[in-house]
Every structure is written in structure tokens, then in C-alpha cells.
Amino acid sequence: MFARLAMCSRLPSKIRQSNVCAASIRAFSQAKFSLPRPHGKSFAHRSELKQAKRIVVKLGSAVVTRGDECGLALGRLASIVEQVAMLQNQGREMMIVTSGAVAFGKQRLRHEILLSQSVRQALHSGQTQLKDMSVPVLEARACAAAGQSGLMALYEAMFTQYSICTAQILVTNLDFHDEQKRRNLNSTLHELLRMNIVPIINTNDAVVPPPVPNSDLQGVNVISIKDNDSLAARLAVEMKADLLIALSDVQGLYDSPPGTDDAKLIDIFYPGDQQSITYGTKSRVGIGGMEAKVKAALWALQGGTSVIIANGTDPKVTGHVITDIVEGKKVGTFFSEVKPAGPTVEQQTEMARHAGRTLASLLPEQRGEIICCLAEMLTEKKDEILNANRKDMEFAAGRLSQPLINRLSLSTAKLNSLAIGLRQLAVSSRDSVGRVLRRTRVANNLELEQITVPIGVLLVIFESRPDCLPQVSALAIASGNALLLKGGKEAFNTNKILHQLTQEALSIHGVADAIQLVSTREEVEDLCRLDKMIDLIIPRGSSQLVRDIQRAAKGIPVLGHSEGVCHVYIDSEASIDKAIEVVRDSKCDYPAACNAMETLLIHRDLLRTPLFDQIIDMLRTEQVKIHAGPRFASYLTFSPSEVKSLRTEYGDLECCIEVVDSMHDAVDHIHKYGSSHTDVIVTENEDTAEQFLQQVDSACVFWNSSSRFADGYRFGLGAEVGISTARIHARGPVGLEGLLTTKWVLRGEGHTVADFSEQGSMKYLHENIPVPQGNFN
């Protein structure tokens, strides 16, 4: 055996290029993790799981076996093996505790018995037609004996595809309770791991005695090997593993049996929470059950090993469930000894939704009072706010790019401007929730109304923009929406004080919980999975952040834009003065903003004219770096650096200049390379301008005006949650109206649809009833 192990240890650790999975494995294997920590204390947070060096993966019977319990789920098993191989090739030490021998043996024995019966029957009867054959009940130990070799051969063949060697270990209780056997087992496992071999461990079901009920846990230092859950826990502690991943046929641990009403998946489970759990029946196969898994997990946790129970059978996640767990993503139930001081993000969402309903039921004047109170505190508490912001700026120095630092910075002028915008919003909020949009007399004494209502729970994710917090909070208050805020760590101190002031303002009407600041280590991708709790996601930040959120959001609408590639087109009939000022303001006023000009389109007839020369001189004076588009570069002997992409959002004092032949060519260029955000024409020809305004399909289209006007405050909306380039619900700067939806209210007197049938006594009228301005339900 050791000769074979030695041979296996000489196999190359890298993935063979011919392997179909090699590309994905190489990409994943480039990930790095920290050096192993001293064993004895489990990880406190999911984000720390990336540091796990030694990992035990437990595959439950429901994961390994097919639905008919005869044979293995080969496709599922192959994807699990691939993930284990990925982690092994990163330099981690992987061990597998597997079920499946009984099911594999049952498949073999059933086949052999049926074949044997058919042969005997044919010999004795001499007839071609065979009688119905029944298979006797197969004893589990016999099935295990018949299946062990085949199961191991399958694992060996699968891991060989990744140039990884495996070794089989069969254990019983005696191997852990007999001190000499325990030391031998420990020594063997350590030697295998040293040689980069993946041990495949299973209980020796061919000889193991039947399990004794309620004997699986016998104290801190002893755990009876009753099933593979207890085996995995004992092995993880014995080998000082950093992480135990227990895969089952459910998403994780629920507070009541999965499938029952109000059953909720528990994200993090703490010792002492057992009393809050109601266990259901065990899975269709295996001898464990969720209660056994929890007991084993808590035993391992007490021994210093972190534990996660997750679903290994869901085809949507099976292909990446193990790697997602190790990356720290919110998968399954994480067992932790460290209970956070504050509520979980799920609890925060529930608190916000509950308080949000109360907020929506307030009178418009009361919501306006809250907003005015917040506006007052922005100026009254400006010293505290600016001190907190100064701390963030000092921490960001040298760590963030200049555009991000500019967005992070607050000033007295910014706070005063915010306060003015909030007061405007407080006035407009009186005409928001409960406004009657339409009233119809459906029939006599049957009236229908369409009224405005809040969307529900909003999640706003923003980075480097602390001034976003009071703006978005005020809009949520005005529209009666609950709000979750997730800010970047670079603005931690500023966001904290601004959120405290917001909750102080909300408390004057007892709805402080309606707006929550997520301060836990929640990853953005995890927040985007709360589709049953969040109704709309609004990202505020870089184009990469928005794209990541749009990709990660599953079942939750995302409102926003991924890029701000804004154009200014200078027509052949443009005014020199207007052109210079519009271009200067669009690019140089605040180059980090999403509504700043990124591409300047010049009519071909303007090249080598005073207007063109003055624009170039102005850009150079403002220290704007110019990139030449392909056509512009072709006109120049010595051109600036040619642009790499015409879809670039620079976010700095840089821009692209390109040449077009006409207004129509400019429109075509904008449609091809723009982001449907904001585009501008500078011209004195009204007909040309009107054609441009009508033909450009962007959220904002301007004539002889800076692109920087694309802003909710400048539009008179008071504030905005962002600019949307979507074509449904809301477009352009999204203010109060964009955070409202509608519902239909019907008032009758016992009306039934049958009353309006051919034999009925009533007729539809469908008469529009005038709605007075300011009418509220």
C-alpha cells in the first residue's frame, strides 16, 4: 500500500492541460489564502473562511445517492470532486467523509440477483417467457461490503482527471476509542495529507454494529461514531481541521421543518439556540437527520472547527457550493461561537419593513416634519459631521484614487446644499403617498381608484458618497419606503454619524427603525440574494459596482445605470462662447460625476477653425488629457494618444474627441457607444436641435446646456436616489415619483361579477371621475 502511496505522491500537482475542466480550475487555483492559524478557536465570521487550510467535506447519503436509492448521483458527485480538486490544487488539505457504499452495493446486488434468478428460471423452465421476479430485502452490511470497492474506484477515477491521488480509510468506533488505534489513524491521515493525497473516509458499514439511539454525544472528548455526521465531526476535531462542510439535501438549518409555513433558513447558528429549533423527519436515506447534524456540528465547533451545513443536491448551486463557502459567501447555515452585538441583516430588514409600514401610514405633513428635522441637523451638527469625514479622508489618503477621494469629501457648502434640497423635498412630499391618480365609476355604487403607494423595502448600495445617505434617506421618508443602506468602508465614520442623525429625526414620530445602516460584514452579493425581503436595489457608485449588482441580483429589480458615457456634440452652427462654456462645465466642473462629459463630438467642418482651436486651448488650460478617436486621429500628423475604446467612462480630467460628418452621424455614434445617460447638442439651429432632442434615445437630452444639469436637485426634485437609464418604471434622475408604485382600490356594495353577465341586472359604465388636484385617499 505504501509503495502505491509513494507512487501517487510523485504525481504532478498541477492540472493536466488536456483536462476539460483545467481552465476553470487554473483560474480558481490562482486564489490565495492566509497562512494556517493556530487551531483551537473557530472562525468568527464567514469572511474568515478564506483562511481555512484543512477542510473536511462530508457528503450525506442524500447527496451521493440517486433518487431511487439504488446507485450514485454521478453528475452531482463529479461536480463535488471538481471543487475539492480546485481547493486541493490551491494548496489546501482536503478530506472527504462519504456515504454511498450501501446504495452502490444495493445497485450491484440487485443486478446480480435479478441476473441469477433469470438464468436459473430459464434453465429450469426451458421457456423463453420469464415469470415476474422479485428482489429480496437486502441487508445493509452486505450492500456496504459489495459497494465499498466500487465507490472507491469511482472516486479514484474522478480525482485522477485532476492529477490527484486518493486513499481509502474505513473506520469504526473502536478506531477512535482505542488509544493505539486512534494514534495510528491520526498518523496515517497526517502522512496522506503530507503527500498531497485526499483521504476518502467512511464508516466500515460491513462490520459496524447497529446505531444505539441517543448515544452519539457523550461529552466534550467523546463522540460515538453513530453515522457519518458524527464521524465527520470526530475526524475534523481529531485532525484539527479549520472547516467542516456538511452537505445534505436541504439549504441548511431552518427554525422549523423545511416546507412548513413560516420556516426560515438560519444564516448563523449559535450554541444555546437549540431550544428555538423544531426538527422534522430525517432525509429519505441515511440514519442521521438534522438533529444529528446540529449535535455533531456543535461538538465540532466546541472542538475548534468551524462548521457549515449546506445543500449539496440543488442543481443550481451544486457546481459551486463548496467553493462559494470557502470564499465566504452566504451559503447554508454557519455555526459560530461569536454572537454579533447588533441584529443580523435579515433582522434589520424585518425591523425596517415593520417600521416602514408605520412610516407610510403617517400624514404627509408628519413625513415632511421628519425631513425638515434632518435638514436642520445637517447644518446644526456640521462640525461633528465634518470631523467624522476628516477621519475618513485621512484614512483614504494614498488608498483611494483622486476621483473617489473627491466623492468622499464633504464641506460646509455641500451640507448647506443638501439641507436646501431636503427642505424642497419636504414640501413635495405632501403630494406623494396615497395620491389618487385615477378614479372610475365602474358601475352604479361601484367606484375604482388608482392610488400611489410605497414600493416596500429599498436596498441602496453606495460607495465613497456619504452625501448620498441623507438624500436617499429623505426620499425614502417622503415616499414611505423602508430603507437598507450599505455604504463603503471608506466612509464608515461619516455614514455612521449621518445615519444616527437620520434615526434621530425619524424618532420624532416613532419610526427610527425604518432606515437601517448595514454595518455587518455582509457581502454585496449576499445582500442581493434577499429576494424575499427586498423589493428594489439601487446601486450608487462605480460602473463596476453597478454591473456586479445587476449580475448578482436574483429576482430583485435593479434601478440605475452601469456607466455614464455622456457626449457633447458641437454642431457646425454652434456659438463659440456657448460651446466653450458648455464643454468646460460638462467636463471640468466635477469630472468624477456620472453626468460629466466623456466624449466630445466635433462636426467635421469645425476642424482647423477658431472655435475648434479655442476648445482645445481651453481643455489644455484646464489640464484635461485628450484621447483621439480613430477619425480625429486620421486628420492629425501628431495626434494625442489614440483612444482604446469609445465607450470609456474616465471619471477624471480626461476625455475623447471624435469627428462626425453631421448631426445624424452624431446621433448614430451616441446610440452605438453611449450609455443612454445624458447627451448634449450645442447649436444655434433650432431645427437641428429639435431633431437631436427627439432622435437621441437617452434618459436626458440637452440643448446648449451642460450635461451636469442631469441631477435631481437641479431638476427641482429636491434629491435623487440616482439616475436610471432603464426604459421602464423610472428614467433619468429618480426622485420621489420614482420610488412610488400604485395599487387599485375598489369600493362596492356586495357587487358580483355574475351581476354583469348576460342574465345579470347590471351594466358596466366605466365613467372617468375627475380627480381634484391634491386629492388623497
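**Figure 1. Packing of helices H13 and H18 in the predicted model.** In this predicted model, H13 and H18 pack at an angle of about 140°, with their axes 8 Å apart. Axes are lines fitted to C-alpha atoms, for helices over the stretch in contact, and angles run from 0 to 180 degrees between N-to-C directions. This angle makes H13 oblique to H18; angles under 35 degrees count as roughly parallel, over 145 as roughly antiparallel, 65 to 115 as roughly perpendicular and the rest as oblique. The crossing of H13 past H18 is right-handed, a term for a near helix turned clockwise from the far one by less than a right angle, with left-handed for anticlockwise. From H13, the contact is made by Ile370, Cys373, Leu374, Met377 and Leu378, and from H18 by Leu498, Leu501, Thr502, Glu504, Ala505 and Leu506. Contact means heavy atoms within 4.5 Å. By class, 9 nonpolar, 1 polar and 1 charged residues take part. Ala, Val, Leu, Ile, Met, Phe, Trp, Tyr, Cys and Pro count as nonpolar, Asp, Glu, Lys and Arg as charged, and the others, Gly among them, as polar. Helices (H or I, at least four residues) and strands (E, at least two) are DSSP runs, numbered from the N terminus. Residues are numbered from 1 along each chain as its sequence is written. Local features in this predicted model need pLDDT of at least 70, and side-chain atom pairs count only at pLDDT 80 or more, while totals for chains, interfaces and linings use all residues; side-chain values use heavy atoms, with hydrogens and water left out.

**Figure 2. Packing of helices H13 and H17.** The axes of H13 (residues 364-380) and H17 come within 9 Å and cross at roughly 165°. H13 is therefore roughly antiparallel to H17. The crossing of the pair is right-handed. H13 contributes Arg367, Ile370, Ile371, Leu374 and Leu378 to the contact, and H17 contributes Pro470, Ala474, Ile477 and Ala478. These residues divide into 8 nonpolar, no polar and 1 charged.

**Figure 3. Packing of helices H14 and H18.** Here the axes of H14 (residues 382-396) and H18 (residues 492-506) come within 7 Å, crossing at roughly 155°. The two helices are therefore roughly antiparallel to each other. On the H14 side are Glu384, Ile385, Ala388, Asn389, Lys391 and Asp392, which meet Phe492, Asn493, Thr494, Ile497, Leu498 and Leu501 of H18. The contact has 6 nonpolar, 3 polar and 3 charged residues.

**Figure 4. The largest nonpolar core and Leu483.** The largest nonpolar core has 50 residues. Helix H17 (residues 468-479) supplies the largest share of this core, 8 residues. A nonpolar core is a set of buried Ala, Val, Leu, Ile, Met, Phe, Trp, Tyr and Cys residues joined through side-chain atoms within 4.5 Å. Buried means under 20% relative accessible area, exposed over 50%, and partly exposed in between (1.4 Å probe, protein chains only). Ile370, Ile371, Ile385, Leu425, Val460, Leu483 and Leu485 have the most contacts inside the core. Not counting residues up to four places away in sequence, Leu483 touches Ala352, Leu458, Val460, Val472, Ser473, Ala476, Ala514, Ile515 and Gln516. In soluble globular proteins, nonpolar side chains tend to be buried together.

**Figure 5. Surroundings of Asn495.** Asn495 is in helix H18 and counts as buried, at 3% relative accessibility. Leaving out residues up to four places away in sequence, Asn495 touches Phe462, Pro466, Leu469, Gly487, Gly488 and Leu517.

**Figure 6. Surroundings of Lys587.** Lys587 is in helix H21 (residues 576-588). Its relative accessible area is 0%, so Lys587 is buried. Beyond its neighbours within four places in sequence, Lys587 is in contact with Met597, Glu598, Val624, Asp652, Leu653, Glu654 and Cys655. Lys587 and Ser707 lie 8.6 Å apart in space, C-alpha to C-alpha, and 120 residues apart in sequence.

**Figure 7. Loop serines with positive phi.** Ser163 lies in the loop between helix H6 (140-160) and strand S3 (165-171), and its phi is near 60°. Ser163 counts as buried, at 9% relative accessibility. Ser676 lies in the loop between helix H24 (663-673) and strand S19 (678-682). The phi of Ser676 is near 60°, a positive value in a residue other than glycine. With a relative accessible area of 19%, Ser676 is buried. Most residues other than glycine have a negative phi.
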